[in-house]
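Dear colleague,

Please find below the structure that I am handing over to you, together with its sequence.

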Amino acid sequence: MIFWIEIIVFTYFLWVVLYNLFLSIAALFYRNPKFLKTVTSPQPLNRIAVFIPSYKEDSVIVNVAKHALKQDYPKSKYDVIVIADSLKESTIKELNELNITLHVVQFEKSTKVKSLNSALALSDDYEIAVILDADNVMESRFLSIIDQCFQNGWRAIQGRRVAKNLNTSFAVLDGLSEAINNHIFRQGCAALGLSSPIIGSGMAYEYSTLKKVMKSMDAVGGFDKVLQAVLLQMRIKIYYVKQGIVFDEKVENSDVFKNQRTRWISSHYIYLRKLFLTGVESLFKGQLSLFNITVLMSFQLPRILNIGILFIISISVLLLSNYTTIPFYYWAGCLFFYLTGIALAIPSSYYNRKLFSAVIQLPRAFCSMLAAHLKLKNANKKFIHTPHKH
């Protein structure tokens, strides 16, 4: 019995290691689209709606809205639409003084899907819908880049989220995780010609298509997982644009990290279960991107857990080699090549003293992830809010 458990666990980790290493190497061959070499967008320009759902984000939303108005894109061609859910009256007053569209909503149980559907119903006078989080700040050329992509026939885009703050060791670790995900899962898939997985913000869609798809959704958390599956079933490819940068606030301590990951992990497992058979069926229909995202990519534990478990198993096998079947160097090899894939994905800007400060937080992050797994019950039945400061 123990033999078969070893085989099953080792087979899982061997698969995870090979998959991540392959995508990490493939990402090195990613090339930016040739049409993005131009500095300005050709005419005519698309009309863009920038949606910013804001649930109790009084500390950041005004500043984010101000930054959203500073795009290097004609003011007459885009509108910033802040969806105000449970904001203070003082915040509402400040937002009303800005040149934005303020859409105030109130729900018995708030969700991002409800907020977006309410705002999408306001108008059809747009070609593109951009979705941000309430802490996101677009790089000044973001909308120009999105416009160029749509003028070249793209209908769904995931931009590159990068850390807005690296002020604590946990923020560095969180930013590092985002950068690794960008390299392996988005850049790697794009280099292979596959659709990119989306991440809930910093993304753009054909307005009419998004409005149609969102109407049928009622997800509490993880709406992006449903959205990407529906788009891929519609044969709409999701492109990754490395040059389209959106700055995203990173969590600063372990408590916020645990709460945020509880929501993410809950959604991950729920939609893995819901979409797994759909993903398997898609392979036989030639929809490799859908199979990749809903099965190959989703059938993995979070990265920090993979690293921690592989390390613990390797040390345990080394100490108890007389009682195990699979040799120590097999497990150590898996850990080495898994870390190699991660090392290839780390941007050069992270190779400094801050990287060490992030690495020493790994044990605490590992424990937080384990604790998050113990809180998964009912986690997807209510919206778990992540507070922001920057």
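At 41% relative accessibility, tyrosine 330 is classed as partly exposed. Please bear in mind that the model is predicted.

Tyrosine 330 forms an aromatic pair with phenylalanine 10; the ring centres are 5.9 Å apart, and the planes stand at 40° to each other, which makes the pair tilted. Phenylalanine 10 is itself buried, its relative accessible area being 13%. Because phenylalanine 10 belongs to helix H1 (residues 2-27) and tyrosine 330 to helix H12 (residues 328-345), the contact ties together parts that are 320 residues apart in sequence. The two residues also belong to a cluster, in which ring pairs link Phe10, Tyr329, Tyr330 and Trp331. For the model, the count of aromatic pairs comes to 13.

The volume of the second largest pocket is about 380 Å³. Its lining consists of 24 residues, and those nearest the centre are Arg160, Ala179, Lys242, Ala345 and Pro347. Sorted by class, the lining of this pocket comprises 13 nonpolar, six polar and five charged residues.

With kind regards

Terms used
Residues numbered from 1 in each chain as written. Predicted model: local features only at pLDDT ≥ 70, side-chain atom pairs only at ≥ 80, totals over all residues. Heavy atoms only, no water. Phe/Tyr/Trp six-rings, centres within 6.5 Å; stacked < 30°, edge-to-face > 60°. Helix = DSSP H or I, 4+ residues; strand = E, 2+ residues; numbered from the N terminus. Buried < 20%, exposed > 50% of the residue type's maximum accessible area, 1.4 Å probe, protein only. 1 Å grid on protein atoms, 1.4 Å probe; cavity = no way out; pocket = protein on both sides within 12 Å on 5 of 7 lines; lining within 4 Å. Points joined across faces, edges and corners; volume = space filled by probe spheres on them. Nonpolar A, V, L, I, M, F, W, Y, C, P; charged D, E, K, R; others polar.
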